[in-house]
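The entries follow in the order I made them.

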Amino acid sequence: MVLSQSVEDYLKAIYKLETKEKGASTTRIAEALDVSSASATNMVKRLSDMGLVKYKSYKGANLTESGRKIALEIIRHHRLLELYLLEVMGYSWDEVHDEAEKLEHHISEQFEDKIAELLDNPTHDPHGDPIPTKEGIMPEMDAKSLVNAEEGQLYLVSRVKNQDPELLRYLEKIGLLPGAKLEIKDKGPFRGPITLLIENSEQVLGHEVAEHILIAELPE
């Protein structure tokens, strides 16, 4: 089945919304793709006719098995491309997302396989997001938000959820990258700032920034 870029974008958006909510409402889909609610509703109905989503008015959309497989394939393309652009092409980690968005719909399965082989079959992209397997399985992550970290504990940065280039450049500047070790020194009350020790450098993060950082406990 040859699908348009728009169809693939919708399937990917619905998949990401499904991971957070029981169903992807047309309002939330419209917000994610920056389109009108009417456009989102029309496309979701079309996807339903194609057998790629299950949709009921006022209850939102859920991917069928076929729709989920396509969404995961596009996400795999995207995350492999991000890593390829960073490690081979010399892009910075704040540039790769937008470039991968343009390329993800246009690479062949052979090209995907070549990238994966060249990168030694990676499991995560530059931002720490898991890369779906070729078989369409999304690896699970055991991580929690930095805002839920405990004072005095040591953690590893596992993932940065926000792709905003300005934020990524700031996080790179202070060394808060996936794989970095950090210690929670202090947490301000009432969504206050969090003081961290990152590789022996003390930094203070606002609550809104910390929400986008996922961490895992250091293995003993």
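I began with contacts, keeping in mind that this is a predicted model. Of the contacts in the chain with a separation of 6 or more, 62% join residues 24 or more positions apart.

Next I looked up the secondary structure and found eight helices and eight strands in the chain. The radius of gyration is 19 Å, close to the 17 Å that the globule rule gives for 220 residues, so I noted the chain as being as compact as a globular protein of that length. I also took the extent of the C-alpha trace, which spans about 55 × 45 × 30 Å along its principal axes.

For the surface, I noted that the chain exposes about 12,300 Å². Carbon and sulfur atoms supply 48% of that area. Buried residues make up 42% of the 220 residues.

I then looked up the charges: there are 26 positive and 40 negative side chains. The centres of these two sets lie 7 Å apart.

I checked the UniProt record, an unreviewed entry, which lists residues 3-64 as "domain: HTH dtxR-type". In the model, that stretch is 56% helix and 13% strand. The C-alpha atoms at its ends are 16 Å apart.

Last, I went to G206, in the loop between β7 (201-205) and α8 (207-210).

How values were computed: Residues numbered from 1 in each chain as written. Predicted model: local features only at pLDDT ≥ 70, side-chain atom pairs only at ≥ 80, totals over all residues. Heavy atoms only, no water. Helix = DSSP H or I, 4+ residues; strand = E, 2+ residues; numbered from the N terminus. Rg over C-alpha atoms; globule rule 2.2 N^0.38 Å. Buried < 20%, exposed > 50% of the residue type's maximum accessible area, 1.4 Å probe, protein only. Contact = heavy atoms within 4.5 Å. Areas by Shrake-Rupley, 256 points an atom, 1.4 Å probe, with all protein chains shown as cover. Lys, Arg positive; Asp, Glu negative; His and termini not counted. Charge placed at Lys NZ, Arg CZ, Asp CG, Glu CD. UniProt positions renumbered as here; feature names shortened; annotations may be inferred.
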